[in-house]
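Here is a short tour of one model, written for a reader who likes to look at the details. Take a moment with the view below, then read on.

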Amino acid sequence: MFGAFWRDERSRDRCFNRMKNRVRADHRIYGVQILDKSKSLHFADAHAHSNPVNGLGASEIAKRFKRKGGWFVALVGLSPWHYSIDEKNYNGYIKAIQLHIKECRAVAAEGLQVACFAGFHPADVDKLISAGKPPEEVLRLGLQVIEYVGKLCRDGVIDGIGEVGRQHYRTSPDRFAIAMSIMMRALELARDNDCLVHLHLENAGTVTVLTIDEIVKRVGLNRSKVFLHHVKPRIGLEAIKRGYQVTIPGHKETLRYAFGIKELAENMLIESDYIDDPRRPCVSSCPWDIVDRELELMVEGIVDENTLYKVNVDNIVKAYGVEHRI
Ligand SMILES: [Zn+2]
Ligand SMILES: [Zn+2]
């Protein structure tokens with residue numbers, strides 16, 4: 001039965017193996033060529049955290065990211081206890097924000113562009129109430145903290161408020177209401193002080209975007225100043241259609257899916273949401289890993305160089321109002 005093409009089974013297998021090796025070699029050469037070209041590509045991380053007390057800290061993160069072609073990081077502050085600040089009050093938050101501002105400056109000192117954000121994370125509401133703080137005190141604290149951040153924004157010390165938003169997990173109605181109130185005030189402060197806002201949301205589907213849009217419309221804040229962070233691609237697309245900024249987590253399969261949706265791929269940003277916690281390294285990604293994943297997807301032909309340039313440079317310049325400098 002092998003007579004038509006091959007003398008025998010062995011010569012057929014040899015032929016198949018030669019073909020397979022050639023395909024592999026082609027892929028390798030093609031991949032190397034693409035990776036050579038990629039040296040001229042620049043990469044951005046549209047939402048990451050740093051921890052100078054318990055993690056690598058911003059200088060080291062910036063150095064590692066820069067070695068991979070990184071040029072921009074949106075650096076978002078962490079809550080006081082991440083920096084081992086025990087005061088769960090206004091003073092503790094001020095200390096944490098001041099520490100974070102130094103971290104933003106450390107990124108700039110490494111020659112990267114940086115956008116600096118500080119806020120009151122929705123999970124802080126649960127953390128503080130669980131620690132025994134009365135709900136009304138947590139509400140007052142959250143409002144005071146973002147008021148302070150609004151001032152820093154107005155003075156040009158930082159670029160935006162974040163993270164604020166809604167819990168992405170089940171919580172009690174009063175805690176949810178507190179997080180919502182803080183988010184709504186943050187949107188007003190952003191409107192009045194020319195700040196950007198990073199929203200942490202429940203990622204529940206189209207309704208996440210629709211309910212945010214109802215609020216943003218009433219506040220009268222320009223949608224392009226509002227970033228929906230860590231969004232799933234489908235929700236991201238809904239948000240982009242309405243003029244919001246979206247940062248998509250840099251996980252390989254999420255990116256593969258997102259790059260497949262043209263309108264999303266052309267308008268989105270990519271984030272690591274790195275938390276710089278040595279106990280949980282690279283959760284959800286390390287900034288330098290998102291570069292590798294983007295390049296792997298380029299080698300696989302899922303995304304082209306132009307789209308990567310748009311996502312990592314053009315869209316960042318537009319969304320954050322920074323200049324592309326390296
Ligand atoms: Zn978040
Ligand atoms: Zn985050």
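## A zinc site and a helix pair

The donor residues of the zinc ion (ligand 1) follow the sequence spacing E-x36-H-x28-H, where donors are N, O and S atoms within 2.8 Å of the metal (3.2 Å for Na, K and Ca), and water is not among the atoms, so sites may look incomplete. This is a predicted model, in which local features need pLDDT of at least 70, side-chain atom pairs count only at pLDDT 80 or more, and totals for chains, interfaces and linings use all residues. Residues are numbered from 1 along each chain as its sequence is written, chains are lettered from A and ligands numbered from 1 in the order in which they are written, and side-chain values use heavy atoms, with hydrogens and water left out.

Glu163 (OE), His200 (ND1) and His229 (NE2) coordinate the zinc ion (ligand 1) at 2.0 to 2.1 Å. His200 and His229 lie 29 residues apart and link distant parts of the chain, in these strands (DSSP runs of E, at least two residues, numbered from the N terminus):

| Residue | Strand |
|---|---|
| His200 | β5 (residues 196-200) |
| His229 | β6 (residues 226-229) |

Both histidines, His200 and His229, are buried (under 20% relative accessible area, 1.4 Å probe, protein chains only). Glu163 also coordinates the zinc ion (ligand 2), which is 3.5 Å from the zinc ion (ligand 1).

Now to the helices (DSSP runs of H or I, at least four residues). Helix α5 (residues 135-154) packs with helix α6 (residues 173-193) at an angle of about 20°, their axes 9 Å apart; axes are lines fitted to C-alpha atoms over the stretch in contact, and angles run from 0 to 180 degrees between N-to-C directions. α5 and α6 are therefore roughly parallel (angles under 35 degrees).

Notes
Buried means under 20% relative accessible area, exposed over 50%, partly exposed in between (1.4 Å probe, protein chains only). Angles under 35 degrees count as roughly parallel, over 145 as roughly antiparallel, 65 to 115 as roughly perpendicular and the rest as oblique.
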